[in-house]
Amino acid sequence: DDMMMHRRVFLRRAGYGMAVACAAALLPLRAPALTTDEATEFVRGTIEEVAALLDDSGDSADKAERLRAIMKNRAAMPQIARFVAGPAWRGMSDSQQTRFVEAFTRFVSAVYAGKFEEYSGEAKKEDLFRIEGVVDAGRKGMLVQTSIMRVGEPPVAVEWLVTDRPGRTVIADIVIEGISLLVTQREEIGSMLDSRGGDVDKLISDLGSA
């Protein structure tokens with residue numbers, strides 16, 4: 001079991017470069033204008049919004065809804081949703097694609113609201129994330145490197161792929177401890193679709209109500 005777990009982690013990490021390349025291919029080509037400082041400040045602003053959400057005393061459903069708004073505003077959700085849908089995307093009607101993007105955004109915001117809730121006991125939310133540096137990833141964008149600082153625990157490495165290729169600055173992927181949101185969600189959505197016999201409408205309905 002441990003061997004299988006390590007193999008899955010290895011495959012996810014190995015697939016990260018391909019995921020980033022594929023996600024970048026879904027974004028329109030344009031002259032790169034994003035600077036390292038702009039990418040860093042964009043991530044800093046995103047972190048401040050997430051920290052404010054964590055500091056709030058609202059329930060999980062409310063926090064998931066607020067995180068969904070942050071993701072729609074700050075992440076390339078249409079392109080991310082298209083990537084995680086995989087081959088099924090090409091078979092969707094325009095209406096199904098629109099509904100899938102919305103349902104997936106709702107689903108993944110609930111998932112990450114739960115992940116961030118794991119740090120709800122940390123003392124200072126404003127100090128939860130520490131920006132470590134930024135790497136120019138060429139036409140893919142800028143990879144802003146941060147750490148989640150935990151009391152009595154090793155820090156957790158979180159990288160944010162930031163791009164301005166859609167015509168505005170957005171986050172194209174989040175990588176936690178070397179494991180990409182794009183890769184994990186593509187795997188999960190593919191498995192969910194398979195378990196529903198390839199029924200896209202059923203998948204959309206279930207994602208929207210998750």
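What percentage of the 210 residues in the chain is buried? Buried residues make up 43%, where buried means under 20% relative accessible area, exposed over 50%, and partly exposed in between, using a 1.4 Å probe and protein chains only.

A word on the model before I go on. This is a predicted model, in which local features need pLDDT of at least 70 and side-chain atom pairs count only at pLDDT 80 or more, while totals for chains, interfaces and linings use all residues. Residues are numbered from 1 along each chain as its sequence is written, and side-chain values use heavy atoms, with hydrogens and water left out.

Now the overall layout. The chain has 7 helices and 5 strands. Helices (H or I, at least four residues) and strands (E, at least two) are DSSP runs, numbered from the N terminus. Starting at that end, the order is α-α-α-α-α-β-β-β-β-β-α-α.

Next, the sheet. The 5 strands form an open sheet in the order β1-β2-β3-β4-β5, with antiparallel pairing; two strands pair if DSSP finds at least two bridges between them. At the edges are β1 (129-136) and β5 (179-180), each of which pairs on one side only.

Take β4, residues 170-176. Of its 7 residues, 6 are buried, so β4 is largely enclosed by the rest of the structure. Its pairing with β3 is antiparallel and runs over 6 bridges, and one of the partners there is Ile174, which bridges to Trp160. The hairpin of β3 and β4 has 6 residues between the strands, and in this hairpin Gly167 takes a positive phi near 105°.

With β5, strand β4 pairs over 2 bridges, again in the antiparallel sense. Val175 has Ser180 as its bridge partner, and Ile176 stands opposite Ile179. This hairpin has 2 residues between the strands, and Glu177 takes a positive phi near 50°.

What lies across the sheet strands β1, β2, β3 and β4? Helix α2 (residues 36-55) does, running at about 35° to β2 (142-150). That angle is taken between N-to-C directions, on a scale from 0 to 180 degrees, with axes as lines fitted to C-alpha atoms, for helices over the stretch in contact. Contact means heavy atoms within 4.5 Å.

On to the aromatic residues. How many aromatic pairs does a search of the whole structure find? It finds 3. Rings of Phe, Tyr and Trp (its six-membered ring) pair if their centres lie within 6.5 Å; planes under 30 degrees apart count as stacked, over 60 as edge-to-face and the rest as tilted. The ring centres of Phe100 and Phe104 are 6.1 Å apart and their planes are at 15°, so this pair is stacked. Both residues sit in helix α5 (residues 94-117), 4 residues apart, which separates them by about one helical turn. Phe100 is buried, at 0% relative accessibility, and Phe104 is buried at 0% too. Ring pairs link Trp89, Phe100 and Phe104 into a cluster.

Phe83 itself belongs to helix α4 (residues 77-85), where the buried residues include Met77, Ile80, Phe83 and Val84. After α4 comes Gly86, with a positive phi near 65°.
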